[in-house]
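Dear colleague,

Please find the structure that I am handing over to you.

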Amino acid sequence: MKVVAINGSPRKGGNCAACLEVLGRVLEKEGIEFEVVQPGARVHPCLACYHCLDNNTLRCIQDDDGVNDIIAKCIEADGIVLASPVYHGGIAGSMKCILDRLMLAAGCGENQLHHKVGAALCTLRRSGGMETYQQLLGTMDAMEMVLVTSDYWNAVHGADPGEVKGDAEGIEVIEKLGRNITWMLKVIDKAGIAPPETHHRTMTNFIR
Ligand SMILES: Cc1cc2nc3c(=O)[nH]c(=O)nc-3n(C[C@H](O)[C@H](O)[C@H](O)COP(=O)(O)O)c2cc1C
């Protein structure tokens, strides 16, 4: 079983990376394969061209910034973890660029993400953790994913790279998240019950 984590921070070796290291150690100890992808700051926003949906390509027409690799890895994975720093009270712009394209290409047509296990975390200096965490969860919530939580909201405090390691409670919460993700993956695997059939929902814009 495999979990792919998207680190939406433009900063390499930062606090999201440190939290994902903690999470990865827990998962790998339980035999879950874990990969972190972090395309950095040079990801493009969605063009709203709808090429991915109109042609059911499961890819973005923009092929030069690594996001298509991320989309493919997410489609393959059993679980997806979204990690973002808090930027002005919400997710980082680079993470928004990734998620808009991932969710449109892989989730909004023939949904490839449904019933995968999903979890989120964010890192922050001081404020905006709840909003950011909820924003990340909300993205997966709309993709019919199975959301896994910890015993507190997954918002870990630290400003300079690595400072999150000093947030003892936050790190404990992430370790528990890792154990819960592992448990959910194993439960689903052991049950061997196919998920309910899913189909494209009727889409309206409220006036027709
Ligand atoms: C552009 C920008 C905006 C930020 N906005 C906030 C904020 O609204 N609230 C906060 O607590 N921290 C804020 N921070 C601090 C980061 O969330 C914090 O340093 C985080 O741990 C960085 O994670 P990273 O090292 O994985 O990039 C901001 C940092 C930057 C660069």
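Predicted model: local features only at pLDDT ≥ 70, side-chain atom pairs only at ≥ 80, totals over all residues.

Residues are numbered from 1 along each chain as its sequence is written.

Overall fold. The protein has 6 helices and 7 strands, these being DSSP runs numbered from the N terminus (helices: H or I, at least four residues; strands: E, at least two). Their order from the N terminus is β-α-β-α-α-β-β-α-β-α-β-β-α. The C-alpha trace spans about 50 × 40 × 35 Å along its principal axes. Of the 208 residues, 39% are buried; a residue is buried if 20 or more other C-beta atoms, placed from the backbone, lie within 10 Å of its own, exposed if 12 or fewer, and partly exposed in between.

Ligand shell. Around the ligand there are 19 residues, of which Ser9, Gly14, Cys16, Pro85 and Leu124 come nearest; a residue belongs here if its C-beta atom, placed from the backbone, lies within 6 Å of the molecule. Helix H1 (15–29), strand S3 (79–87) and strand S5 (117–124) each give two or more residues to this shell, and S3 gives the most, with 3 residues. By type, the shell divides into 7 nonpolar, 9 polar and 3 charged residues (nonpolar: Ala, Val, Leu, Ile, Met, Phe, Trp, Tyr, Cys and Pro; charged: Asp, Glu, Lys and Arg; polar: the others, Gly among them).

Helix H5. The buried residues of H5 are Gly129, Thr132, Tyr133, Gln135, Leu136, Thr139 and Met140. Seen down the helix axis, they fall within an arc of 155°, so they line one face of H5; the arc is that of the directions from the axis to the C-beta atoms. These buried residues pack against S3, strand S4 (90–91), helix H4 (93–107), S5, strand S6 (146–147) and strand S7 (155–157), where contact requires C-beta atoms, placed from the backbone, within 7 Å.

Lys165. This residue is in the loop between S7 and helix H6 (168–191). Lys165 is partly exposed, with 16 other C-beta atoms within 10 Å. Leaving aside residues up to four places away in sequence, Lys165 touches Ala18 and Ile171. Lys165 and Asn15 are 150 residues apart in sequence, and their C-alpha atoms are 8.2 Å apart in space.

Notes: Contact = placed C-beta atoms within 7 Å.
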